[in-house]
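Open your viewer and get ready to select. We will go stop by stop, and each stop says what to pick and what is there.

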Amino acid sequence: MKLLVTGGAGYLGSEVCRQAVERGFEVLATRFHTPPPYGMPIHLDVRDHAEVQRVLMRHGPDVVVHTAYVQGGPAMAETIVRGSRAVAAAAHRSGSRLVHLSTDLVFDGEQGAPYAEAAEPRPLLDYGAAKLEAECLVTQAHPGALVVRTSLLYGKPGPQEALALRDDVELYTDEIRCPTLVDELAAALLELAELDVFGPLHVAAPDAISRYEFARLLRAAAGGDPDGVHGAPSPRYGSGSGRVRNVALDSSKAAGLLPTKLRGAAAAIGLSA
Ligand SMILES: NC(=O)c1ccc[n+]([C@@H]2O[C@H](COP(=O)([O-])OP(=O)(O)OC[C@H]3O[C@@H](n4cnc5c(N)ncnc54)[C@H](OP(=O)(O)O)[C@@H]3O)[C@@H](O)[C@H]2O)c1
């Protein structure tokens with residue numbers, strides 16, 4: 001299989017590439033600034049519609065896994081919305097299957113958790129709104145696209161691991177997520193690449209836990225004292241600095257499809273906080 005992964009140097013993208021190379025796939029890993037550690041690097045700025053078309057038509061991958069994004073800043077909307085639409089249109093034109101990455105933050109977390117695929121998205125944050133707009137444009141441009149919504153990723157040194165070790169931040173006791181091991185998600189994505197499923201699919205670990213509980217687990221696993229993690233309720237979102245509350249995903253549909261079983265954080269980290 002020929003696989004093209006956008007964001008080949010990213011936290012998730014690099015793990016997808018690593019596992020795909022290990023499985024013997026031909027792997028094209030797109031490079032923006034950072035060189036991808038696995039696969040054949042190809043420069044790609046997803047905001048450049050013409051470059052996206054050129055790369056996909058030239059290489060004709062069987063499957064595109066679209067992870068590239070930025071979570072904030074002036075380039076966010078252009079990268080997430082315009083970039084995702086460009087990738088979807090080009091993947092459709094080149095006859096490639098598309099697995100598009102999205103987020104639990106398309107939901108507002110106020111009621112209805114755990115959210116199944118049929119739940120109505122209502123993002124609270126600009127990031128979630130951009131990801132939802134991208135989902136809609138991707139589905140229009142490539143009706144066969146699979147839209148994978150997932151939650152906080154962890155499992156190799158990254159933002160969650162760093163946050164859990166900081167003494168100067170408060171971790172919210174009422175922000176509920178389904179933290180998911182990046183290597184298990186990558187394995188699931190490679191399985192989904194070969195299945196005939198499309199539309200939104202929730203792919204996250206089954207345990208819904210707070211950011212605070214999650215940080216305790218990570219700190220303990222790193223050999224630290226979990227009681228050193230500072231917990232606090234989140235500010236109201238109306239204050240401008242707020243967060244979503246309970247955006248736990250119901251991933252039972254994916255669990256029924258996938259050979260890879262995603263483990264909850266307590267079981268995966270192997271400790272209890
Ligand atoms: N991480 C999480 O906890 C989480 C949770 C839910 C959903 N997701 C979703 O999972 C996906 C991957 O997340 P991640 O954490 O792996 O992201 P990441 O580590 O921040 O990686 C993002 C990648 O996108 C690349 N990129 C940025 N702008 C680009 C552009 N204009 N053109 C091409 N590439 C560009 C970056 O390249 P450079 O490094 O070279 O700048 C980087 O390789 C995202 O779609 C995200 O919405 C992530």
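Predicted model: local features only at pLDDT ≥ 70, side-chain atom pairs only at ≥ 80, totals over all residues.

By class, the shell holds 13 nonpolar, 10 polar and three charged residues.

Which element gives the most to the shell? Strand 5 does, with three residues.

Next, select the ligand's surroundings. There are 26 residues around the ligand. Tyr11, Leu12, His33, Thr34 and Tyr127 come nearest.

Zoom in on His33. A polar backbone atom of His33 is 2.6 Å from an oxygen atom of the ligand. Move on to Thr34. Here, too, look at the backbone: one of its polar atoms is 2.7 Å from a ligand oxygen. Then pick Tyr127. This time look at the side chain: a polar atom there lies 2.7 Å from an oxygen atom of the ligand. How much of the ligand's accessible area does the protein cover? The protein covers 85% of the 910 Å² that the ligand has on its own.

Where does the ligand sit? It sits in the largest pocket.

Trace the chain on both sides of Pro114. You are in the loop between strand 5 and helix 4.

Go to Leu185, in helix 6 (residues 182–193). Is Leu185 buried or exposed? Leu185 counts as buried because its relative accessible area is 0%, and the cut-off for buried is under 20%. Leu185 and Val203 are 18 residues apart along the chain, and their C-alpha atoms are separated by 7.4 Å.

Jump to Pro233. Pro233 lies in the loop between strand 13 (230–232) and helix 8. Why does Pro233 count as exposed? Its relative accessibility is 59%, and exposed means over 50%. Pro233 and Glu175 are 58 residues apart along the chain, yet 8.0 Å separates their C-alpha atoms.

Follow the chain into helix 8 (residues 252–257) and stop at Leu257. Leu257 has a relative accessible area of 32%, so this residue is partly exposed. Finish by drawing a distance from Leu257 to Val197. From C-alpha to C-alpha, the two are 9.4 Å apart in space. In sequence they are 60 residues apart.

Note on methods: Residues numbered from 1 in each chain as written. Heavy atoms only, no water. Near = heavy atom within 4 Å. Polar contact = N/O pair within 3.5 Å; in protein donor to acceptor, adjacent residues only side chain to side chain. Areas by Shrake-Rupley, 256 points an atom, 1.4 Å probe, with all protein chains shown as cover. 1 Å grid on protein atoms, 1.4 Å probe; cavity = no way out; pocket = protein on both sides within 12 Å on 5 of 7 lines; lining within 4 Å. Sits in = over half its atoms within 2 Å of the grid points. Helix = DSSP H or I, 4+ residues; strand = E, 2+ residues; numbered from the N terminus. Nonpolar A, V, L, I, M, F, W, Y, C, P; charged D, E, K, R; others polar. Buried < 20%, exposed > 50% of the residue type's maximum accessible area, 1.4 Å probe, protein only.
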